[in-house]
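Q: I would like to learn how to read a few features of a protein model. Could we go through them one at a time?

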Amino acid sequence: MKRVAVIGGGITGITTAYTLAKRGRDVTVYEKHRYAAMETSFANGGQLSASNAEVWNNWQTIIKGLKWMSRRDAPLLVNPKPSWHKLSWFAEFIAAIPQYEQNTTETARLAIAARDHLFAWAQNEGIDFDLKKQGILHIYRDKAGFDHAANVSRLLAAGGLERRAVTPEEMRSIEPTLAGTYYGGFYTESDSTGDIHKFTNGLAEAILRLGVKTCYEHSVTELSADQSHAWVTSFDGEEQTRDTFDGVVICAGVGSRELAAKLGDRVNIYPVKGYSITVELDDQASQEAAPTVSLLDDATKIVTSRLGDDRFRVAGTAEFSGYNRDIRDDRIRPLTRWVEQCFPGVCTRRVVPWAGLRPMLPNMMPRVGPGRLPTVFYNTGHGHLGWTLSAITAEMVADTVAPAVSGTTASTAG
């Protein structure tokens with residue numbers, strides 16, 4: 001059996017290890033934390049959302065970003081301090097605007113394809129991750145937002161996604177606990193939600209049963225490759241170990257850019273910080289007042305998920321401020337206020353804040369497939385849709401790696 005190293009133990013790394021192990025590969029996972037899913041895969045918005053497949057590459061996003069630069073609580077916040085990394089990323093982001101429609105449709109197609117794999121894995125491996133198949137409701141307070149969503153629906157439909165416009169009255173029948181005045185909404189019945197951290201850890205247990213070696217608390221300190229082998233040097237806090245593999249897959253989130261550079265590849269990922277709060281529903285009144293249907297408020301860029309009976313996850317915002325992982329109070333407060341406005345019956349006395357760095361490529365599409373060398377592969381750069389796309393991109397990269405490490409020609413997988 002051929003040996004493959006997977007760098008990263010988040011949702012993309014663990015799903016990649018799973019698909020490779022199912023194909024009979026001898027897999028080793030390197031993860032710097034003590035457990036799987038401890039960074040961006042820890043407490044995201046929870047949505048498995050093909051309906052959120054719209055890429056951000058349009059002039060509307062640029063205009064909003066410029067307008068909001070002076071607002072510390074803005075849904076989209078760009079730190080004005082320049083860096084070559086940030087400038088190059090935004091230049092490529094603007095250059096990808098002509099691909100906006102094509103990439104939105106393709107992302108929707110991938111998101112739909114991912115569903116069956118993820119649900120099947122959870123069933124086969126007995127993973128409980130608070131899955132709710134009750135759809136996602138997009139809400140709009142004005143006609144402009146609703147009309148833009150209608151145009152997006154056309155692009156999503158081209159990718160195979162069905163979603164329907166709903167009136168304010170229909171919105172309240174779908175989610176009766178929602179307060180406020182709305183122009184209308186769009187409802188996607190086929191979307192769902194779940195706890196990414198619980199799922200990833202459940203799959204991390206499954207890969208052990210499949211014989212995968214997991215090197216937790218191992219930081220990759222050096223990485224190299226040639227035409228026939230890859231070498232990984234890791235440090236576990238006490239000693240360094242160097243191992244030889246037939247191939248390596250980079251699934252390291254915002255760390256992928258630095259690792260790719262060691263291997264001679266340019267993967268221009270920028271870390272885009274997102275925030276979430278988990279509202280602990282400690283009393284029956286709050287449990288009854290919190291929504292069970294997942295929501296996406298496009299104006300504020302806030303998403304929600306009901307995780308079991310006693311947790312309500314609210315996430316959103318995009319912050320371009322480099323590799324800073326600080327949890328800022330002025331970014332958390334708008335999430336709490338949103339809950340209090342839209343669901344006034346929910347007690348927000350006990351709220352757990354979190355922040356994570358989304359690994360985003362300028363064209364908003366993940367990097368999936370081979371690198372410059374035949375022994376190097378990537379499954380990274382999923383941005384705000386890592387949870388949604390992870391199952392299908394893991395299948396894609398495994399299909400690419402399997403023939404490549406067996407000595408046949410690899411094909412590009414996206």
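Q: Is Thr-12 buried or exposed?
A: This is a predicted model, so we read a computed accessible area. The general idea is a cut-off: a residue counts as buried when its relative accessible area is under 20%. Thr-12 has a relative accessible area of 10%, so it is buried.

Q: Where does Thr-12 lie, and which residues is Thr-12 in contact with?
A: Thr-12 is part of helix H1, which covers residues 11–22. Leaving aside its neighbours within four places in sequence, Thr-12 touches Cys-251, Asn-379 and His-382. Two of those names will come back below.

Q: Let us take the cysteine, then. How many disulfides does a search of the whole structure find?
A: The general idea is to look at the distance between sulfur atoms: a pair within 2.5 Å counts as a disulfide. Here the search of the whole structure comes up with zero. For Cys-215, the nearest cysteine sulfur is that of Cys-251, and it is 15 Å away. Looked at from the other end, Cys-251 is in no disulfide either, with the sulfur of Cys-215 as its nearest, 15 Å away.

Q: Are Cys-215 and Cys-251 buried or exposed?
A: Cys-215 counts as buried because its relative accessibility is 7%. Cys-251 has 4% relative accessibility, so it counts as buried too.

Q: And the histidine? Which residues line the second largest cavity?
A: Here is the general idea: rolling a probe the size of a water molecule over the atoms shows where empty space is left. In this model, His-382 is one of the residues that line the second largest cavity. By class, its lining has five nonpolar residues, five polar and no charged.

Q: How many cavities of 30 Å³ or more does the structure hold, and how much space lies in the largest cavity?
A: There are two cavities of 30 Å³ or more. The largest cavity has about 70 Å³ of space. Its lining is made up of Leu-48, Ser-49, Ala-50, Ala-111, Ala-114, Arg-115, Leu-118, Phe-119 and Thr-388. Helix H4 (residues 100–125) gives the largest share of that lining, five residues. Sorted by class, the lining has six nonpolar, two polar and one charged residues.

Q: What about pockets? Which residues are the closest to the centre of the second largest pocket?
A: A pocket differs from a cavity in being open, whereas the probe cannot get out of a cavity. The second largest pocket has about 300 Å³ of space. Of its 18 lining residues, Ile-62, Leu-66, Met-69, Val-78 and Phe-90 are the closest to its centre. Helix H2 (59–67), strand E4 (76–78) and helix H3 (84–95) each supply at least two lining residues. The largest share, five residues, comes from H3.

Q: Let us turn to the backbone. Which loop holds Ala-37, and what is its phi?
A: The general idea: most residues other than glycine have a negative phi. Ala-37 has a positive phi, near 60°, and is not a glycine. You will find Ala-37 in the loop between strand E2 (26–31) and strand E3 (47–48). Ala-37 counts as buried because its relative accessibility is 1%.

Q: What is the phi of Glu-217, and where does Glu-217 lie?
A: Glu-217 has a positive phi of about 55°, although it is not a glycine. Look for Glu-217 in the loop between strand E9 (213–216) and strand E10 (219–225). Its relative accessibility is 43%, so Glu-217 counts as partly exposed.

Q: One more residue, please. Which side chain makes a polar contact with the side chain of Asp-243?
A: For a polar contact, look for a pair of N or O atoms within 3.5 Å. The side chain of Asp-243 makes one with the side chain of Tyr-30, at 3.3 Å. Asp-243 sits in strand E12, residues 240–245. Beyond its neighbours within four places in sequence, Asp-243 is in contact with Tyr-30, Ala-230, Trp-231 and Val-232. Asp-243 counts as partly exposed because its relative accessibility is 22%.

Note on methods. Residues are numbered from 1 along each chain as its sequence is written. This is a predicted model: local features need pLDDT of at least 70, side-chain atom pairs count only at pLDDT 80 or more; totals for chains, interfaces and linings use all residues. Side-chain values use heavy atoms; hydrogens and water are left out. On a 1 Å grid over the protein atoms alone, a cavity is a set of points where a 1.4 Å probe fits but cannot get out, and a pocket is an open set with protein on both sides within 12 Å along at least five of seven lines; lining residues have an atom within 4 Å of a point. Grid points are joined across faces, edges and corners, and a volume is the space filled by probe spheres set on the points. Helices (H or I, at least four residues) and strands (E, at least two) are DSSP runs, numbered from the N terminus. Ala, Val, Leu, Ile, Met, Phe, Trp, Tyr, Cys and Pro count as nonpolar, Asp, Glu, Lys and Arg as charged, and the others, Gly among them, as polar. Buried means under 20% relative accessible area, exposed over 50%, partly exposed in between (1.4 Å probe, protein chains only). Contact means heavy atoms within 4.5 Å. A polar contact is a pair of N or O atoms within 3.5 Å; within protein, one must be able to donate a hydrogen and the other to accept it, and residues adjacent in sequence count only if both atoms are side-chain atoms.
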